[in-house]
Each structure stands twice: as C-alpha cells, then as structure tokens.
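Please examine the sequence and the structure shown below.

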Amino acid sequence: QVQLVESGGGLVQPGGSLRLSCAASGSIFSINDMGWYRQAPGKERDVVATITSGGNTNYAGSVKGRFTISRDNAKNTVYLQMNGLKPEDTAVYYCNMYVLPRFGAFGTYWGQGTQVSVSS
C-alpha cells in the first residue's frame, strides 16, 4: 500500500509565498515522475509542474518563473515552492507520483489535496 500525504497549504496574501510538501510512504521500490496539479472551484484539475526521476522539470505557463518543483529521492518527497502568489492561484493542490511498489506494477498515486487560498 502506497500513501501520499501533503502539507503546507494555507491562506496567504497576494505576493506571498508557500511551500507544499508531499511525502510517499509504504512499500515502495522506486518512484518515477512526480508532479503537482491543482483544481479551482468549477474547473478541471490541471497540471502545475512535473519533475522526472532525473530532475527534469516542466511548468504550466501560468506559474513559470514563480513556482519551483523539486524532489528528495531519499525521502520520497516532492516539493512545490510558490512565490509571487496571485488570487488566481487559489485552488486545491494535489501531488501525484508514478510509483513502482515492491510487489506489483507501476501505478499512479494521488495525495489527499491541500487548499491554497490567495486573498487580501
């Protein structure tokens, strides 16, 4: 069983910063891609940023230059540093990992979601 637990969301003023964390636990052999997605009220879940096992990153155009994704493979953890937050960044943020368990096949796992609200 693999579980992803997120932390770090909250309420912040425009221009502020937050750092999200997502740690995977359980019977894990390896983790390939990791990513962050977000879903605003009434909208579909969209990709925010992804990072490969080799450290290659990709960002949605709306967050490029403001958000930074990183990972700590020893801790099975992915981070999202969010700077220069805007009200339109308000959403529930979900982490996502492509995991190979010790027993079984690769699978996609999601965190429970953490609320990020940007408002004055």
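From the N terminus onward, the elements of this protein run β-β-β-β-β-β-β-β-β-β-β. The model is a predicted one, and its secondary structure amounts to eleven strands and zero helices.

The overall dimensions may be considered next. The C-alpha trace spans about 45 × 25 × 25 Å along its principal axes. A compact globule of 120 residues would have a radius of gyration near 14 Å, and the protein agrees with this because its own value is 14 Å. Among contacts with a separation of 6 or more, 55% join residues 24 or more positions apart.

Attention now turns to the interior. Of the 120 residues, 38% count as buried. In soluble globular proteins, nonpolar side chains tend to be buried together. Here the largest nonpolar core has 28 residues, and the members that touch the most others are Trp36, Val78, Leu80, Met82, Tyr93 and Met97. Two or more residues of this core come from each of β1 (2–7), β3 (18–26), β4 (28–39), β5 (46–51), β7 (67–72), β8 (77–82), β9 (91–101) and β11 (114–118). The greatest contribution is that of β9, with five residues.

Met82 illustrates the packing within this region. Leaving aside residues up to four places away in sequence, Met82 touches Gly16, Ser17, Leu18, Leu20, Arg66, Phe67, Tyr93 and Val116.

The protein exposes about 6,300 Å², of which carbon and sulfur atoms supply 47%.

Key
Residues numbered from 1 in each chain as written. Predicted model: local features only at pLDDT ≥ 70, side-chain atom pairs only at ≥ 80, totals over all residues. Heavy atoms only, no water. Core = buried A, V, L, I, M, F, W, Y, C linked by side-chain atoms within 4.5 Å. Buried < 20%, exposed > 50% of the residue type's maximum accessible area, 1.4 Å probe, protein only. Helix = DSSP H or I, 4+ residues; strand = E, 2+ residues; numbered from the N terminus. Contact = heavy atoms within 4.5 Å. Rg over C-alpha atoms; globule rule 2.2 N^0.38 Å. Areas by Shrake-Rupley, 256 points an atom, 1.4 Å probe, with all protein chains shown as cover.
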